Amino acid sequence: MHATESPDAGPPLSALTGRFHVHEVRTEDDRIEYYGVPLVSYEHLLRELWPVFNDAGYRISFSRRGRTDVIVAEPIDTGMDGIPWTNVVLLLATIISTLIAGALWFHIDPSDGVFAILDAWPFTVALLTVLGIHELGHYVMSRYHGVNATLPYFIPIPSIIGTAGAVIKMSGPIPDRRAQFDIGVAGPLAGLVATVIVTAIGLTLDPMTVPAEFAESDDGITVMLGHPPLLELLASALGESLYADDPMRSVHPVVIGGWVGMFITFLNMIPVGQLDGGHISRAMFGRKMEAAAALVPWALFGLAGYLYYGAGVSFAGSFIWLFWGLIALFFVAAGPAQPLSEASLGPKRMAVGMVTFFLAALCFTPVPFEVIG
């Protein structure tokens, strides 16, 4: 196709006037390539062309062929191609793993049969609701800003909660810091709303009483969960007890689902790399946040060391921060997502960001859990 001819799809060549001098346009399937010379800086070019191509249903990137610059436009994936079997299989596996974990919190005897764990469904529903709505927040905002995103991938894992959370995968560049902020903050805020509702419902349900056979056994172990300030505030507001001083009673397992939502919110808000907190802090403070993020793993290592050596917390209770310090090191090495435009956020988003970090701080407890026995 000659440079004087506009492609059948995508924006007209006039949209590039004064920004990119086009020598030639090539099309291959749904992909459009514009060969030519940029007339402005790459940052300015992307900032100007992103909304034009996005409105036309395309995402853009740069490449270089020999001595020629190329703008590559590819259609934005706006729907699913068939059934997302990987997502479905992982969801089903996570339902099973969380039912098994929930059976522990409901004190269900495994000898009652494999179908007995189905009675733990309130725990599974509470937990998957919190995790799903968190990821749905990211998904909706990704689509809103023209960033390709998958449906959530739930992660089953044998543990006291039965899952390692859920993730979505994004592809393509993030257009600007505002989009990066919106995508990052939507998950924690949506998840916290779900967490508060789930926790409030759970606090109003009848507490669990430890069965006599469990109480009299010397072979079992007890998992003691730390209470983050947000959980204590909700319990106080509703006039409900957390039964911290009564070993024979505990909150309803639905509250445990809310506790997991708080714990995962705090972990996701650690300001490193491509965690939610990393996206938000990078969007709020720009590139200078990358140097500050390098200190985060050492803060987590320091917390683990203080708890174990200074506060006398068991290895099981302090190991979590050593583990997350290692994870944070990985995220620091990988680096944060880099938006195409460095335009500042504005006061409203900065205020929302500060509130979100404050709410995440209310989800923190220095000793999330202790294993006794």
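Predicted model: local features only at pLDDT ≥ 70, side-chain atom pairs only at ≥ 80, totals over all residues.

Reader: How many cavities of 30 Å³ or more does a search of the whole structure find?
Author: Rolling a probe the size of a water molecule over the atoms shows where empty space is left. With that cut-off of 30 Å³, the search of the whole structure finds one cavity.

Reader: Which helices each supply at least two residues of the lining of the largest cavity?
Author: The largest cavity has a volume of about 30 Å³. Its lining consists of V130, L131, H134, G191, T195, G261, I264 and T265. The helices that each supply at least two of the lining residues are α3, α4 (177–204) and α7 (253–268).

Reader: By class, what residues does the lining of the largest cavity have?
Author: Gly counts as polar here, which matters for G191 and G261 in the lining. By class, the lining has no charged residues, three nonpolar and five polar.

Reader: α3 also meets α2; are the two helices parallel or oblique?
Author: The axes of α2 (residues 85–105) and α3 (residues 121–144) come within 8 Å and cross at roughly 125°. That angle makes α2, relative to α3, oblique.

Reader: Is the crossing of α2 and α3 left-handed or right-handed, and which residues of α3 make the contact?
Author: The crossing is right-handed. On the α2 side, the contact is made by L91, T94, I95, T98, L99, A101, G102 and W105. On the α3 side, the residues are W121, F123, T124, L127 and L128.

Reader: How many nonpolar residues does the contact of α2 with α3 have?
Author: The contact has no charged residues, and four are polar. The nonpolar ones number nine.

Methods. Residues numbered from 1 in each chain as written. Heavy atoms only, no water. Axes fitted to C-alpha atoms, helices over the stretch in contact; angles between N-to-C directions. Helix = DSSP H or I, 4+ residues; strand = E, 2+ residues; numbered from the N terminus. Parallel < 35°, antiparallel > 145°, perpendicular 65-115°, else oblique. Left-handed = near helix turned anticlockwise from the far one by under 90°. Contact = heavy atoms within 4.5 Å. 1 Å grid on protein atoms, 1.4 Å probe; cavity = no way out; pocket = protein on both sides within 12 Å on 5 of 7 lines; lining within 4 Å. Points joined across faces, edges and corners; volume = space filled by probe spheres on them.
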